[in-house]
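Reader: I would like to learn how to read single features in a structure. Please take them one at a time.

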Amino acid sequence: HGKEVHTMEQAITSQPRPMRRADRAVRAAEEIEGILRDCPDVRVAYQDAQGLTIVPVNFAYVFEEGRLLLFMHSALEGRKIDAIRAAGNALPVAFEMDCDAQVYTGRTPCSSTTAFRSIIGTGMAGLIDETGKKIEALTLLMQQRTGMKDVKLQPRQVGKVAIWRIASTEFTAKRHPAPAMHRD
């Protein structure tokens with residue numbers, strides 16, 4: 001086996017680095033959709049005038065033809081909203097979501113492992129200002145996260161919250177199933 005060697009220059013270029021454990025990559029759209037559906041929240045990282053930060057938020061998603069859009073709601077004011085506005089409504093972000101995490105202890109510490117499914121990516125965050133689009137995004141969030149199918153939102157209701165979106169620029173989905181000796 002020839003080991004790949006990555007220089008610092010390669011690590012900071014815009015070229016995506018190949019997934020080290022490509023055997024764990026999830027490429028099938030229905031499996032990616034399953035991860036999106038099963039993850040309860042997404043953690044969004046960004047940099048603003050105060051420095052780096054990360055925040056967990058509930059989300060809704062649209063995943064079509066390999067394109068991923070995430071929709072979130074929050075207060076009308078705050079650090080996230082200030083950062084998005086300061087970036088001209090195009091804030092670079094990184095995001096991560098995971099589900100089904102389960103630690104499995106092996107016979108030795110080094111043979112212990114964690115089963116999981118996850119999505120990690122980057123994108124651009126921006127506010128949605130148009131009332132009709134805000135209603136669509138919040139309705140989708142209510143359907144996907146609460147199961148409420150017939151939500152009828154009024155413009156005055158969505159006017160009380162900020163709705164923001166992340167359009168992914170790239171993402172990878174990954175799964176690490178439970179070890180064979182622990183499967184049912």
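Reader: Which residues does Thr139 touch, not counting residues up to four places away in sequence?

Author: A caution to begin with: this is a predicted model. Thr139 touches Val151 and Leu153, with residues up to four places away in sequence left out of the count. Thr139 itself is part of helix H4, residues 131–146.

Reader: Is Thr139 buried or exposed?

Author: The cut-off for buried is under 20% relative accessible area. Thr139 has 16% relative accessibility, so it counts as buried.

Reader: How do I read a pair of aromatic rings?

Author: A pair of aromatic rings is described by the distance of the centres and the angle of the planes. The structure holds two aromatic pairs. One of them joins Phe59 and Tyr61, with 6.5 Å centre to centre and 45 degrees between the planes, and is tilted. Both of these residues, Phe59 and Tyr61, are buried.

Reader: Why is the pair of Phe63 and Phe171 edge-to-face?

Author: Planes over 60 degrees apart count as edge-to-face. The planes of Phe63 and Phe171 stand at 75 degrees, with the ring centres 6.0 Å apart, so this pair is edge-to-face. The pair links distant parts of the chain: Phe63 belongs to strand S4 (residues 60–64) and Phe171 to strand S8, 108 residues apart. Phe63 and Phe171 are both buried.

Reader: What sits over the ring of Phe59?

Author: The charged end of Arg145 does, 4.2 Å from the centre of that ring.

Reader: Which residues of helix H3 are buried?

Author: In H3, residues 79–86, the buried ones are Lys80, Ile81, Ala83 and Ile84. They cover an arc of only 160 degrees around the axis, which means they lie on the same side of H3. Arg85 and Ala86, on the other side of H3, are exposed.

Reader: What covers the buried residues of H3?

Author: The cover includes several strands, among them S2 (42–48), S3 (51–57) and S5 (67–74). Strands S6 (91–104), S7 (113–128) and S8 (162–176) are also included.

Reader: How should I read a positive phi?

Author: Most residues other than glycine have a negative phi. Gly88, which follows H3, has a positive phi near 70 degrees. Asn89 is not a glycine, yet its phi is positive, about 65 degrees. Asn89 is in the loop between H3 and S6, and its relative accessibility of 32% makes it partly exposed.

Reader: Where does Glu65 lie?

Author: Glu65 is in the loop between S4 and S5. Glu65 also has a positive phi, about 50 degrees, although it is not a glycine. With a relative accessible area of 87%, Glu65 is exposed.

Note on methods
Residues numbered from 1 in each chain as written. Predicted model: local features only at pLDDT ≥ 70, side-chain atom pairs only at ≥ 80, totals over all residues. Heavy atoms only, no water. Buried < 20%, exposed > 50% of the residue type's maximum accessible area, 1.4 Å probe, protein only. Helix = DSSP H or I, 4+ residues; strand = E, 2+ residues; numbered from the N terminus. Arc of directions from axis to C-beta. Contact = heavy atoms within 4.5 Å. Phe/Tyr/Trp six-rings, centres within 6.5 Å; stacked < 30°, edge-to-face > 60°. Lys NZ or Arg CZ within 6 Å of the ring centre and 35° of its normal.
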